[in-house]
Structure formats: structure tokens, C-alpha cells
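Subject: Structure for your review

Dear colleague,

Please find below the structure I am handing over to you, together with its sequence. My findings follow it.

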Amino acid sequence: MKTDVVIVGGGITGITTAYLLVQEGLQVALVEAGKLLNGTTGHTTAKVTAQHGMIYDEFIQHLGKTNARLYYEANREAMAFIRKTIDKHGINCDFRTQDAYLYATTPKYKMKLEKEAAAYEKLGIDGELLEELPIDINVKNALVMKEQAQFHPLHYLAPLVQTIVDKGGRIFENTTAVHVERGEEPSVITREDARVQANYILSCSHFPFYEGTGFYFTRMHAERSYVVAINPKMAYPGGMYISADQPTRSLRSANIDGEELVLVGGESHKTGQGIDTHDHYHALQTFGDDLLGIEKQVNRWSTQDLTTLDNLPYIGHLTSQTSEQNILVATGYRKWGMTNGTAAALLLKDLVLGKENRYASLFTPSRFYADPSLKHFLRENFDVAKHLVEGKAESSNKEMKSLAKDEGAVVRIDGKRKGAYRDKDGELHVVDTTCTHVGCEVNWNGADRTWDCPCHGSRFSYSGEVIEGPAEKPLQKEEYRMIESFMGNRAGY
């Protein structure tokens with residue numbers, strides 16, 4: 001098919017951008033690999049805030065006061081757009097105005113928060129340094145940003161999806177985009193070899209489905225974080241909270257199916273690296289129980305976020321090359337996708353329409369700040385090289401035949417590293433653990449039953465299918481019956 005704009009990615013950025021463009025009279029096709037709102041947007045804690053951790057002092061130091069203020073204003077405008085859209089359509093999405101608190105529990109982070117408070121004052125941000133919180137957490141100090149918000153993102157976005165359809169936009173779920181053919185009217189190519197030709201291609205997938213010559217995998221790293229939804233024994237006092245200290249602790253209330261819950265989040269770490277993933281959930285459960293008491297745990301989930309070299313999202317033209325000027329990208333929201341994703345949609349709309357936008361140079365993916373970008377670039381890619389080498393040499397004492405039901409592990413078969421998972425029915429699934437992106441060795445994520453790459457954050461199902469990029473091809477599957485027969489013959493039984 002041919003259309004004016006094709007958008008790849010059905011999260012908050014893709015849907016909001018499509019919503020904006022169809023109202024401008026453009027023909028839009030929205031392509032999503034799975035189901036709409038089933039990825040990072042569907043698993044967020046959905047804080048609608050410009051308080052994105054301790055970021056403004058850092059931005060002033062590395063990017064300058066003007067750019068730091070622009071970042072704040074872009075996110076404030078995104079918040080205002082969300083409020084206005086809710087009012088316009090009368091959306092019932094549990095939108096609540098809340099104060100946002102960043103708190104420190106150690107002397108080291110107490111001093112850091114004092115610097116962040118000074119940055120607020122320099123930038124004219126409405127904030128205040130406090131000595132205590134409304135919630136019973138023993139803190140050294142805390143920094144409040146008033147009149148922020150929270151909402152249910154799926155309930156918010158569903159009416160936008162309906163508007164897209166009502167105005168002639170086309171949505172294709174379960175359609176995986178894998179490549180772009182460049183040109184004056186470039187085309188998106190899907191895994192099934194279908195083709196969508198358009199004047200503009202917008203990559204709004206979590207990781208850019210097409211990098212061109214942008215080499216985004218070298219300029220971002222992936223982190224997983226965890227959430228448990230609890231029914232607390234004690235009353236929740238309101239407000240949104242996040243710790244400055246590590247490991248991160250995040251709190252907010254939520255109304256799900258009429259039940260008042262508290263979302264306890266945090267425990268972020270680089271994807272494919274760190275301790276047993278079950279331990280992260282246990283740590284959050286312990287924190288929630290100590291703080292509020294847990295009547296029952298309703299749900300738990302994890303999500304993945306991408307961080308750029310300078311902590312600013314990449315939003316704009318894929319590269320500075322003329323041949324890629326009609327390919328746009330939005331990625332790298334660093335856990336703050338509700339406002340950053342909305343700001344991205346507003347910017348992408350203007351770029352497609354050829355309008356000036358005062359945030360274009362701030363977020364352009366072609367930017368490069370020597371400090372901190374160069375330092376982070378070298379550190380991230382050294383980390384990749386380290387895991388590439390160490391993964392090949394890693395040994396495993398686990399034997400495939402000893403795996404219990406619902407257990408996965410790295411095993412050695414005839415001296416070669418393999419990944420094995422025995423499902424709940426006892427069936428064994430064996431894959432080659434070499435990531436199909438650049439060849440790092442994936443590790444088992446027991447809590448999510450996935451194979452995760454420690455280099456660039458690619459994730460695969462237990463049977464090897466791609467869940468998250470940058471990898472495009474599945475892990476090689478091994479025929480376990482042949483392997484068991486082979487191993488049995490060698491052992492003489």
C-alpha cells in the first residue's frame with residue numbers, strides 16, 4: 001500500500017503521533033509487531049511528570065542552562081497536552097494530580113539533592129527541599145515538584161486509537177517491520193515481505209526497528225526494572241515517590257478494576273546482567289511489606305528502557321544523511337516515556353508538516369556532546385566487548401537432564417554453550433545462546449522466562465523468538481531429542 005506516513009510502533013509515541021497527523025488530514029498507517037499497548041507503554045508505572053530523577057543539575061553541567069530549561073519545558077508542554085486531550089475527549093483514565101517526590105536516605109545523596117534543588121532554582125522550576133515525606137520513609141531530605149500527575153495509559157490511549165480509525169487511519173497489529181528501502185518515497189518492509197510506501201517513515205518502536213547508518217545500538221544501553229502491584233494493609237497517603245539512592249524504589253497508587261493498589265517499582269539493572277531476576281521481585285515485596293504491609297500481591301511485571309549517551313532522548317531525523325531525511329526516529333526515554341513519548345509525538349508531527357519546533361535541535365539524534373557522550377560511549381562499548389569475550393568462556397555445571405519443570409539454564413553440550421528450558425509440561429526447549437545481533441552470549445531470565453543479551457538488550461523467548469531488538473533474527477533452535485540421544489549414546493545408555 002501507499003500512504004502519506006507510516007508509523008512503526010504502537011506505544012504512546014506511535015499512537016499519539018498518528019492521532020495528531022490524522023487530524024491534519026494525512027493518510028497514516030500504524031504498524032505494530034504485536035498488540036497495541038502491550039510493550040513498554042503497557043508496563044509503565046505511568047507517572048506524568050517532569051521530575052525525571054536527578055537530571056537537571058547534570059543537564060546544566062553538561063548541556064547548559066538553556067538546554068536544561070528546554071528539556072523541562074518540553075515535558076511540561078507534554079503534560080499540558082495530555083491534560084487537554086483528556087478534557088477534550090472526556091477520557092476516564094484515572095488521571096490524578098499528584099506531587100512528585102525525589103528522596104535521599106544517605107548523606108551522599110542528601111548533598112546531591114541539594115544540588116538538584118539549586119538547579120530547580122536556576123531553571124525556575126517550582127520545587128522545594130523538604131526534611132520529611134508524607135509517607136513513612138526515613139529520609140535525609142526530599143525534593144518535591146508540585147502538581148504533577150499519574151494516569152492509566154491504556155485507558156488514555158484507547159480513545160486516541162478510536163479517533164485514528166474514525167479519521168481513516170489504518171492500524172496493522174501482529175505485523176513486524178524489519179527493513180526500510182530508502183528513496184524519495186521510502187518503503188517499510190515487513191517480515192512477511194509486505195511493503196508500505198510513504199512520504200515519511202517514523203520509527204516509534206522501543207528500539208529503532210531500522211538504524212540505517214545511525215548505529216543506535218552503540219549509543220544506548222538497555223535496563224530492566226520491576227514492579228509489584230500490592231493491596232496494602234495501611235492507607236496510602238498520596239503522592240508519587242522515587243529514591244535518589246540505589247537500588248531505586250518507586251511508589252504510586254493505582255486504581256485497577258475498582259481496587260486501590262500501590263505500585264512498588266525499582267531494582268533496575270542492565271539487561272542480561274546481575275543477580276537472579278526473581279530476587280528483584282523479592283526485594284520490592286520486602287520493601288512494600290516493611291513500608292505499608294501487604295494484604296495481597298495482585299500482580300508483578302518487568303519492563304525495559306533505553307538510555308542514551310547523554311540521557312536525552314533521540315527524536316528527529318534518523319541521521320543527517322540526505323537519503324534518510326524522510327526517516328524519523330524517537331527512542332531512548334530513560335524510563336520517562338509518558339511525557340518524553342508525548343513530547344516526541346508533538347515534535348515528529350511538526351517535522352512531518354515542515355513546521356519549526358524549538359525542541360528540534362535539543363533532541364536531534366545527530367547531536368554529540370563531548371562530555372558526557374564520549375565517556376559514556378567508550379564505557380558502554382567496553383562493557384559490550386567485555387561481555388562478548390567473557391560470555392564465550394563462561395562455564396556451566398548445570399546438566400540438561402537435571403532441569404526441573406519450569407526451569408531454564410545455560411548448559412554445556414559436547415563442549416558448546418547452549419540454553420535449555422523445561423516447560424511446565426516437561427517439554428525441553430534448547431537454543432544456541434549466541435545472540436543473533438553481534439554474537440554476545442545471552443543469559444537466562446528466570447522471572448520472565450526469556451533469554452536476555454547483556455550487550456545491547458536484545459531479548460528472546462525461551463524457544464528463541466525475538467521479543468525485543470536490536471536483534472532481528474531468532475536464536476537458533478536445537479533439536480533436543482537428537483541431543484539427548486547423542487548424549488545418551490556417548491554415556492553408554
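In what follows, two residues are in contact when heavy atoms of theirs lie within 4.5 Å. Please note also that this is a predicted model.

**The chain as a whole**

The protein chain has 493 residues, of which 57% are buried. Its secondary structure comprises ten helices and 25 strands. Among the contacts with a separation of 6 or more, 68% are between residues 24 or more positions apart. The chain exposes about 21,200 Å², and 48% of that area comes from carbon and sulfur atoms.

I then looked at one residue, Thr85, which belongs to helix α3 (residues 65–89). Is Thr85 buried or exposed? Its relative accessible area is 3%; since buried means under 20%, Thr85 counts as buried. Leaving aside residues up to four places away in sequence, Thr85 touches Tyr19, Ile91, Tyr156 and Leu160.

**Helix α3 against helix α5**

Two packed helices are described by the angle between their axes and the distance between the axes. For α3 and helix α5 (residues 153–166), the angle is about 65° and the axes are 11 Å apart. Because angles of 65 to 115 degrees count as roughly perpendicular, α3 is roughly perpendicular to α5. The crossing of these two helices, α3 and α5, is left-handed.

Which residues of α3 and α5 meet? On the α3 side they are Phe81, Ile82, Thr85, Ile86 and His89, and on the α5 side Tyr156, Leu160 and Thr163. Sorted by class, the contact of α3 with α5 has five nonpolar and three polar residues, with no charged ones.

**Helix α2 against helix α4**

A second pair is formed by helix α2 (residues 56–63) and helix α4 (residues 107–123), which pack at an angle of about 70° with their axes 7 Å apart. By the 65 to 115 degree range, α2 and α4 are therefore roughly perpendicular to each other. From α2, the contact involves Tyr56, Asp57 and Ile60; from α4, it involves Lys115, Glu116, Ala119, Tyr120, Lys122 and Leu123. By class, the contact of α2 with α4 has five nonpolar and four charged residues, and no polar ones.

With kind regards

Notes
Residues are numbered from 1 along each chain as its sequence is written. This is a predicted model: local features need pLDDT of at least 70, side-chain atom pairs count only at pLDDT 80 or more; totals for chains, interfaces and linings use all residues. Side-chain values use heavy atoms; hydrogens and water are left out. Helices (H or I, at least four residues) and strands (E, at least two) are DSSP runs, numbered from the N terminus. Buried means under 20% relative accessible area, exposed over 50%, partly exposed in between (1.4 Å probe, protein chains only). Accessible areas come from the Shrake-Rupley method with a 1.4 Å probe; for residues, only the protein chains shown count as cover. Axes are lines fitted to C-alpha atoms, for helices over the stretch in contact, and angles run from 0 to 180 degrees between N-to-C directions. Angles under 35 degrees count as roughly parallel, over 145 as roughly antiparallel, 65 to 115 as roughly perpendicular and the rest as oblique. A crossing is left-handed if the near helix is turned anticlockwise from the far one by less than a right angle, and right-handed if clockwise. Ala, Val, Leu, Ile, Met, Phe, Trp, Tyr, Cys and Pro count as nonpolar, Asp, Glu, Lys and Arg as charged, and the others, Gly among them, as polar.
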